[in-house]
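What do the labels on a structure rest on? The questions below set each label against its rule.

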Amino acid sequence: MAEWPEYVLGNANKDLYVYMQGPSEFGIAGVLETWDNLKDLSKISATTLVTDASMKDYVRNPVAERITQDV
């Protein structure tokens, strides 16, 4: 697909999106690829729901486990 369909992103800034995410939804290649904010988790004071994208036998993801402990 050369261009995003209008109904997907509407008036979104596609240049900014590609800069942050990268050109594909199937992998991160933009600046978010190396973004890490784990050190600031302890600053969150609100009740927080942590979800984990892994579905392998419902095994906890180590990163999700750390987030749950640090928040």
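Residues are numbered from 1 along each chain as its sequence is written, and side-chain values use heavy atoms, with hydrogens and water left out.

Q: How many helices and strands are there in the chain?
A: The chain has 3 helices and 0 strands. Helices (H or I, at least four residues) and strands (E, at least two) are DSSP runs, numbered from the N terminus. Read from that end, the order of elements is α-α-α.

Q: Where in the chain is confidence lowest, and where is it highest?
A: The score is pLDDT, the predictor's confidence in each residue, from 0 to 100. Confidence is lowest in helix 1 (residues 6–9), with a mean of 73, and highest in helix 2, at 87. The chain as a whole averages 78, and 80% of the residues score at least 70. Where pLDDT is low, the predicted coordinates should not be read in detail.

Q: Why is Gln21 called buried?
A: Buried means under 20% relative accessible area, exposed over 50%, and partly exposed in between (1.4 Å probe, protein chains only). Gln21 has a relative accessible area of 14%, so Gln21 is buried. Of the 71 residues of the chain, 8% count as buried.

Q: What is Gln21 in contact with, leaving aside its neighbours within four places in sequence?
A: Contact means heavy atoms within 4.5 Å. On that rule Gln21, a residue of helix 2, touches Gly27, Ile28, Ala29 and Gly30. A polar atom of the Gln21 side chain lies 3.5 Å from the backbone oxygen of Gly27.

Q: What caps the N-terminal end of helix 2?
A: Asn13 does, with a side-chain oxygen 3.1 Å from the backbone nitrogen of Asp15. The rule for a polar contact asks for a pair of N or O atoms within 3.5 Å; within protein, one must be able to donate a hydrogen and the other to accept it, and residues adjacent in sequence count only if both atoms are side-chain atoms. After helix 2 comes Gly22, with a positive phi near 110°.

Q: What makes the pairing of Asp40 and Lys39 a salt bridge?
A: A salt bridge is a side-chain nitrogen of Lys or Arg within 4 Å of a carboxyl oxygen of Asp or Glu. The N to O distance between Lys39 and Asp40 is 3.4 Å. Asp40 also forms a salt bridge with Lys43, where the closest N and O atoms are 3.1 Å apart. These salt bridges share partners and join Lys39, Asp40 and Lys43 into one network. By this rule the count is 2 salt bridges.

Q: Why does Lys39 count as exposed, and why is Asp40 called partly exposed?
A: Lys39 has 64% relative accessibility, so Lys39 counts as exposed. Asp40 has a relative accessible area of 21%, so Asp40 is partly exposed. Lys43, at 65%, is exposed.

Q: Which residues make the nonpolar surface patch of about 680 Å²?
A: Leu16, Tyr19, Met20, Ile28, Val31, Leu32 and Trp35 make the patch. Patches are made of residues with over 30% relative accessible area and no salt bridge: like charges are joined within 9 Å, nonpolar side chains (Val, Leu, Ile, Met, Phe, Trp, Tyr) within 5 Å. One of the residues, Val31, has a relative accessible area of 35% and is partly exposed. Val31 is in the loop between helix 2 (14–21) and helix 3 (62–70).

How values were computed:
Areas by Shrake-Rupley, 256 points an atom, 1.4 Å probe, with all protein chains shown as cover.
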